[in-house]
Amino acid sequence: MRTDYLFTSESVSEGHPDKVSDQISDSIVDLFLSKDAEARIACETLTTTQLVVLAGEIRCKGVFENGEWAPGAKEEIEATVRRTVREIGYEQDGFHWEKFELINRLHAQSPHIAQGVDASSNKDEGAGDQGIMFGYATDETPDLMPATLYYSHKILERMAADRHSGAAPFLEPDAKSQVTLRYEGSLPVAATAVVVSTQHAPGYDEGDKEAELHAYVRRIVAEVIPPVLLRETVYYINPTGSFEIGGPDGDAGLTGRKIIVDTYGGAAPHGGGAFSGKDPTKVDRSAAYITRYLAKNVVAAGLATRCTIQIAYAIGVSQPLSLYVDTHETGTVGDDKIEAAILSIAKLGGLTPRAIRTHLGLNKPIYRPTAAYGHFGRKPVGDLFPWERLDLVDDLKAALA
């Protein structure tokens, strides 16, 4: 196993056009789940210059039934979309929360999909689609996330907080970051490169204002990344020069185009399915959450320093087709023993879609906060980010005793 190398991950801000789309889609998921905990949602969003388009399939009691919208439902959807964009901070000529056109093309879920997913008298609830999902954890950071992605997210979170508070009024919503770390013995020892491209107010691409922007970014980086890692860092701050036109006006956005940013920054495999816009019967979302939960608890239990877990499903079938654990030669017990231990824990219910949703409490309006700065490595507070809890550690240890 190679232990000395360079590795890079990127993040994008809440104002990136693809993330605007993700947040709108998840705001719709939250809206429908707040009305009906068993709602079915597959909402895709397109954003571009002064335009937002919603498309996809839904079923929601009291909102959309028998092919008909309830009175006021379309208006509530529009208000939700505009509020989401306003909270991100878009009040620009090319994309303004009050002024963009909204096209709503959501329609009824296919009954052929519904018959496979819904529980009935002779079958349990089936998976909402076929596919493979991965979870990952590593002890590189306190949140058990890859350090390259962890720092990339934190840089943009700090910049967004300063933008919202007014501490950095020259910042606009769209931004990207990228961190390259040198690893020795599988541990990060130096940040060799940091890239930050941020949309800015007019004039911050030359002279004293450009210097102010660059100095601000360097200060944020120094507050996020430990100084010991910054001794040989090369900075690339707005390397193309000007970045005044951004967000959906500068580049069209689509739901589900930032799946590596959403997960592990390329440090782990990805099954290919996006998360945002989907209710938790879709295993693209819920199974990716449970595998992160399992991998994180494996590492937290001291069973490994790195762990990748894969799970697979068939549409309409409740039992997973396979479970695979890989501790990358860092495990204190055999990977097959960890697999058996996971499947033996009764409260996990055999990892059926219903058991996952029940154990993690996923049928709640908890998804908008997931749609920027990563679905993983977040703090579990109340109902939010339950897959980040470390409440399976004792169960794993007991199962392996």
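1. In this predicted model, strand E9 gives the most to the lining of the largest cavity, contributing 3 residues. The volume of that cavity is about 90 Å³, and a search of the whole structure finds 2 cavities of 30 Å³ or more.

2. The lining of the largest cavity comprises 13 residues, of which Phe134, His270, Gly271, Phe275 and Ala288 are the closest to its centre. Strand E9 (131–138) and helix H8 (283–300) are the elements that give two or more residues to this lining, and by class the lining residues divide into 7 nonpolar, 5 polar and 1 charged.

3. The second largest cavity holds about 70 Å³ of space, and helix H4 (147–165) and strand E10 (171–184) each supply at least two residues of its lining. Among the residues that line the second largest cavity are Ser13, Arg163, Glu172 and Tyr373, and the classes in this lining are 7 nonpolar, 2 polar and 2 charged residues.

4. Turning to the sheet, one finds an open arrangement of 4 strands in the order E8-E3-E2-E13, with mixed pairing. Strand E8 (101–108) and strand E13 (253–254) stand at the edges with a single partner strand each, so one side of each is left without a neighbour in the sheet. Strand E2 (residues 40–48) runs antiparallel to E13 and is joined to it by 2 bridges; Leu46 has Leu254 of E13 as its bridge partner.

5. Helix H1 (residues 17–35) packs on this sheet, where it touches E2, strand E3 (51–59), E8 and E13, and its direction makes about 150° with that of E2. Helix H2 (residues 73–88) also packs on the sheet, touching E3 and E8, with its direction at about 125° to that of E8.

Technical notes: Residues are numbered from 1 along each chain as its sequence is written. This is a predicted model: local features need pLDDT of at least 70, side-chain atom pairs count only at pLDDT 80 or more; totals for chains, interfaces and linings use all residues. Side-chain values use heavy atoms; hydrogens and water are left out. Two strands pair if DSSP finds at least two bridges between them. Contact means heavy atoms within 4.5 Å. Axes are lines fitted to C-alpha atoms, for helices over the stretch in contact, and angles run from 0 to 180 degrees between N-to-C directions. On a 1 Å grid over the protein atoms alone, a cavity is a set of points where a 1.4 Å probe fits but cannot get out, and a pocket is an open set with protein on both sides within 12 Å along at least five of seven lines; lining residues have an atom within 4 Å of a point. Grid points are joined across faces, edges and corners, and a volume is the space filled by probe spheres set on the points. Ala, Val, Leu, Ile, Met, Phe, Trp, Tyr, Cys and Pro count as nonpolar, Asp, Glu, Lys and Arg as charged, and the others, Gly among them, as polar.
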